[in-house]
Every structure is written in structure tokens, then in C-alpha cells.
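Please look through the sequence and the model shown here, and then read the report that goes with them.

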Amino acid sequence: MERIPCNTCGSSEFKPLFSKSNHKKEIFQIVQCRRCSLVQVSPQPSPEEVASYYSEEYFLKRSDRGYDNYFSDGVRNEISRVFALNLKDLDFESWEKNLPSSKRSLDVGCAAGYFVDYMQQRGWDSYGMDIAEAPVKFAKEKLGLKVEQKDFLEWKEGESEKFDLVTLWASIEHLHKPKETLEKIYTHLKPGGRIILSTCRWGILAKVQGPFWRYLNVPEHLYYYSLPGIIRLCESLGFQRKKYVTYGSGLTAKKNAGILYKILKYFADPAVKLLNQGDMMALCFQKKESGYN
């Protein structure tokens, strides 16, 4: 466990918020930077220690931190449905249709490669990268995708490779060095290329629920960005904001939910999206260079 400065602004002055235990009964401290307001776990376990949490069990056993068989068709279809909704909200298709036919994409933190496959089916030359062994093996052996088990920040052999699109789907909150990852992504984008990222949002729902917030999964999730915070960070690195959307009321779909719960969710989900108060967010930025429209 190591105390580290704020990844966004470098400050070492933090305000304690609360503690949170995980499935192993380990206690982690959640703090907020007094200068830029980034919320993070501190002190943090090392990358090697965190990697141990992403065992095959994480992807196969349902819990508050994992999936109910991430490799199932049902989960894959649901994830693809969310991809499609996010891309529609970000007006992706109108940008995509102006690209040349030889367009390339990279998904950082691709897990089982579902977005790599999604883009491949749209005619993209698509690649993926992840540090977790089980999902990468599934992506390569079961889906036949171009996916590598690598740490993106340590990826040296691809220094000259450029992409039209780089994505970080629900990945940035897992990273030990998110700012450095965004900086490297910038170098791998073609002129006018875009980055799309999604992450849980430190907003009103998170603040009200505190340690009971649904996305407070420690220590897998190390950083929690506000909407203004992630926008400021990306713009400080040279990205130009194009569009964003927030969604998610925190009311999850439950098989045995009562009628009142279902009615509440029916109205709450579109309401938080309309009011821009969702606890998830998806954002699109463009590299600030001449090129595409």
C-alpha cells in the first residue's frame, strides 16, 4: 500500500471522505484532492497486488465486484447494447461515415474483446489490449480477435502505430496511471482522431450514497471522476470536447422486483439522463489537429 499524489494535479493534500471494505474484509480509504477534487483510493495497493483481484472468478461469479459469467451470450449482448446506446448518444455514426474505409480502432482495457468484435463487424480494423489473462484468452481463442495481454503504458513495440479511434470503456477508473494513459492515447491518435471513454461518475448520486454507492468497488476501482473533472483533465492534455452523456439512476434491473420498483426505475432512468445527473458517463474528445471534421 502506497500513498501517492493526486494523479490529475499532483497535490498531496487530501480530504478524507470515508472507508470502504471489499469482499475480503480489507479496508480502503476514499479521499478527495483538496486542489482539483479528484476522488481516489489512498493509499493504493500496487499494480501487482490489484492484478490478483482479476482472477477468472472475477469474470465468472456474480458479486458486487464481478459478473455473472462475463463470457455468456447474455452478458455479451447486454454489453453490446450499451455500446450501441453510448455511440448513438455521442453521435458516433455521423463522424464514422466521413472516415476512409481503412479505419483503425484500439480498445484499451478490452476484457473479452466485445467492443473489438463490435467494431470489426462495422468494418473497422480493430485491436484490443488488456492485462487480465482469462478474458484475453477468450477473445483470442473463442472469438478469433486481435487482442493482446499487455499493459498499454508498457506497450513499446507499437510506438508508431496510429488509430482513428481509441476507446476506454469502463477502464479508466481501474488504472493506476489514468492521466499518463490519456497522454499516451493522444500520441496514438491520427490527426483528427477521437477518444471515447466511459466511467462511473462522482456526482450527486455518488455523494448521497457514499460508501453504499454501487460503483465503489475497491480496490479494482481506484479513481472516481466528476464530469467537470474528466473534461478539464482531457482538455488540459490537448483533447477537444465533442459530446458527452450521463445516464444511470442506480436502480438495477431485478428479476423479482416489485411493480413499484419497476415503475420507479422506468421513470428514474430517463429522468437522470435528461437532467444530466446519471452516475455513469460517456464522453467523446477529438485530437486538436487538422484532419477530419
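## How the model is read

This is a predicted model, in which local features need pLDDT of at least 70 and side-chain atom pairs count only at pLDDT 80 or more, while totals for chains, interfaces and linings use all residues. Residues are numbered from 1 along each chain as its sequence is written, and side-chain values use heavy atoms, with hydrogens and water left out.

## The sheet

Helices (H or I, at least four residues) and strands (E, at least two) are DSSP runs, numbered from the N terminus, and two strands pair if DSSP finds at least two bridges between them. Seven strands make up an open sheet with mixed pairing, in the order β6-β5-β4-β7-β8-β11-β10. The edges are formed by β6 (147-149) and β10 (239-247), each of which has a single partner strand, so one side of each is left without a neighbour in the sheet. From one strand to the next, the twist averages 15 degrees, where angles run from 0 to 180 degrees between N-to-C directions and axes are lines fitted to C-alpha atoms, for helices over the stretch in contact.

Strands β10 and β11 (residues 280-287) run antiparallel and are joined by eight bridges; T246, for example, has M281 in β11 as its bridge partner. Helix α9 (residues 227-236) packs on the sheet, where it touches β8, β10 and β11 (contact means heavy atoms within 4.5 Å), and its direction makes about 15 degrees with that of β11.

## Helix α3

Helix α3 has 17 residues and reaches 24 Å from its first C-alpha to its last, close to the expected 24 Å, a span defined as 1.5 Å times one less than the number of residues. Which residues of α3 are buried? They are V75, I79, F83, N86 and L87, where buried means under 20% relative accessible area, exposed over 50%, and partly exposed in between (1.4 Å probe, protein chains only).

The buried residues of α3 pack against α4 (92-96), α5 (114-121), β7, β8, β10 and β11, whereas the face turned away from the buried side carries the exposed residues D73, N77 and K88. Just after α3, D91 takes a positive phi of about 55 degrees.

## Salt bridges

Side chains of opposite charge can pair when their charged atoms come close. The whole structure holds 13 salt bridges, each being a side-chain nitrogen of Lys or Arg within 4 Å of a carboxyl oxygen of Asp or Glu. In one of them, D125 pairs with R104, and the closest N and O atoms are 3.7 Å apart. D125 lies in strand β5 (residues 125-130) and R104 in strand β4 (residues 104-108), so this pair ties together parts that are 21 residues apart in sequence. D125 is partly exposed, with a relative accessible area of 25%, while R104 is buried, at 17%.

Another salt bridge joins D269 to K265, with 2.6 Å between the closest N and O atoms. Both residues, D269 and K265, lie in helix α10 (residues 259-274), four residues apart, which is about one turn of the helix.
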